[in-house]
Amino acid sequence: MRYSRYLLPTLKDAPSDAEIVSHRLMIRAGMIRKVASGIYNLLPLGLRVIRKVERIVREEMDRAGAQEVLLSFVLPSELWKESGRWDEYGKELLRFRDRHKREFCLGPTHEEAITDLVRREVRSYRELPKNLYQIQAKFRDEIRPRFGLMRGREFIMKDAYSFHASDECAEREYENMYRTYSRIFERCGLNFRAVEAETGPIGGKFSHEFMVLADTGEDSIATCRRCTYAANIERAETRRPHPGKREGVKKDTGIKEVSTPGMKTVEEVSSFLGVEPSRLIKTLIYSTDRGTVAVLVRGDHELNDAKLKRALDVKDLTLADEQTIRDVTGAPVGFAGPVGLKIPIYADYSVLEIEDGVTGGNRLDTHIMGVQPERDFRAQYLDIRKVVEGDMCPRCEGRVEIHRGIEVGHIFKLGTKYSESMGATFLDSDGREKPMIMGCYGIGIGRTAAAAIEQNHDASGIIWPPPLAPFEVELIPINIRDKETERVSMDIYRALTDAGIEVLIDDRDERAGVKFKDADLIGIPVRITVSNRTIASGSVEMKRRGEERKWLVKIEDTVREVRSILNRTP
């Protein structure tokens, strides 16, 4: 491809609303242009990267036995009402009416649509299992779209759905998709981890997220230094303290009230009393659909709302309002404590390690010192706090590390959530009607491209992993108006192209510095420079993006050298 004919409008500076690296670089590199909030056009360079991701995904999904379909982007409300999500999904579901006043939405995900298709076409266990996937635009009316392709309202997604006659079959397919996703992201050249995760609004029994590791990632993930354990911070487990941890506590130590005027936060109380935050027992009052409860965590830890909600098995979980707190504790916000409370108390395991605790006194400007769990209050102990760096791994004797990650894929075991509500049934070998067991598997195509940039860039621009690069080689003739330089450059261009190597030749009549800056910005893996000086020695200058080293290669060896760099065989 000739640069002079290509729509590749690079920019020196990115718009002020481009907040993260991938957003800024995709705009500056001429890959995307904004249409409206959270909606972008893909320009030729950006589309080439998207197509590279799609090709890898298609090849691996087909290899795994899945079949590609294309479902309607516009979905009737009736399907969503059957599943119960028409009202549950919230304002992210973009609803509208057609000229006949019938309700529709733009598909943010396609569980209902695929379930409707399969329930109409599949009737017997002999026709199962099935795994159907599509690569298609989605629309979610995000309240605050940001970060370009990372969190847009319109985006391209690969979503797959599997249907099974048994749990065993569904679990085999889940493992199949786990391996498939691992191959996909390996082929994309990304450093990633598969982590245990929450199921979110999709629902289901359990799930794994595939996270690209990047310092700019939105999500925190916990990984073990010794074993393969990894989990989203919302799901990451902590280990229960060993029995006997609190040996040596003085049995005759009593509690005593102390005045703490205006001291409400952990920082204020610990500083005022001269104690470590780890000695504080933080008491939070929550309202749930099963009543008001008290929740305890150590002062130096944070409560994990997702783990608490799952542990309590409740649908609604919110911090209680001020009046409710006064009603159940007798004190204003900031002075609640477990001693003497008459509501159910749930505590994190780490509270058991506290030997001489400090809690709110359930009175204004009052705290209690010398508190011992089990002696001074009773609670049900659960794993409900956020994991922190250095925690013991729940699977081995290793220690936990915290990384930042970008979610690019998510797999779920849905069970019968949709098949039961929508009547997607099959007849088993005995002629009995049963609901199909489902799985769901998604990959953000644009997010994968953006995550690759977040993981691979420097101050000059993008450093594409070769499998995702829009072109494999950028050929830069210095002084394209020189006839010999043009001739040699075009000979090399044709030789590379004939060898199946994707080449962008910068045939613009621009200064060398401009061409080199643009080459670094768009991040093509291999740069070849042709000049009068290199031609005189029968060579070209070669450089890999992201490396300082440059070296000369004989013109006749150019194709072989490029293949070697790209790890390509003839």
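## Crossing helices, packed cores and a sheet

Me: The crossing of α2 and α11 is right-handed. What sort of model am I looking at here?

Reply: A predicted one, so keep that in mind as we go.

Me: Okay. At what angle do α2 and α11 pack, and how far apart are their axes?

Reply: To read a helix pair, take the angle and the axis distance together. Here helix α2 and helix α11 (residues 445-455) pack at about 115 degrees, with 9 Å between their axes. Since 65 to 115 degrees counts as roughly perpendicular, α2 is roughly perpendicular to α11.

Me: Which residues meet at that crossing?

Reply: From α2 you've got Val49, Ile50, Val53, Glu54 and Val57, and they meet Ile445, Gly446, Thr448 and Ala449 of α11.

Me: How do I read a nonpolar core?

Reply: Start with the general idea: in soluble globular proteins, nonpolar side chains tend to be buried together. In this model, the largest nonpolar core has 60 residues, and Met31, Val57, Met61, Tyr181, Ile184, Phe185 and Trp464 have the most contacts inside it. Helix α2 (residues 44-63) is the biggest giver, with seven residues in this core. There's also a second, separate core of 24 residues, including Leu71, Val122, Leu132 and Cys440.

Me: Now Lys91: is it buried or exposed?

Reply: Look at relative accessibility: over 50% counts as exposed. Lys91 has 77%, so it counts as exposed. You'll find Lys91 in the loop between α4 (85-88) and β5 (95-97). Now compare sequence with space: Lys91 and Ile143 are 52 residues apart along the chain, yet their C-alpha atoms are 8.3 Å apart.

Me: Last one, the sheet. What is the order of its five strands?

Reply: Go across the sheet, strand by strand. This open sheet reads β28-β27-β29-β30-β31, and its pairing is mixed. At the edges are β28 (503-505) and β31 (550-554), which each pair on one side only. From one strand to the next, the twist averages 25 degrees.

Me: How many bridges join β27 to β29?

Reply: Five, and the two strands, β27 (residues 473-477) and β29 (residues 526-530), run parallel. For example, Pro477 has Val530 in β29 as its bridge partner. Helix α13 (residues 512-522) packs on the sheet and touches β27, β28 and β29; the direction of α13 makes about 175 degrees with that of β27.

Technical notes
Residues numbered from 1 in each chain as written. Predicted model: local features only at pLDDT ≥ 70, side-chain atom pairs only at ≥ 80, totals over all residues. Heavy atoms only, no water. Pairing = 2+ DSSP bridges. Helix = DSSP H or I, 4+ residues; strand = E, 2+ residues; numbered from the N terminus. Axes fitted to C-alpha atoms, helices over the stretch in contact; angles between N-to-C directions. Contact = heavy atoms within 4.5 Å. Buried < 20%, exposed > 50% of the residue type's maximum accessible area, 1.4 Å probe, protein only. Core = buried A, V, L, I, M, F, W, Y, C linked by side-chain atoms within 4.5 Å. Parallel < 35°, antiparallel > 145°, perpendicular 65-115°, else oblique. Left-handed = near helix turned anticlockwise from the far one by under 90°.
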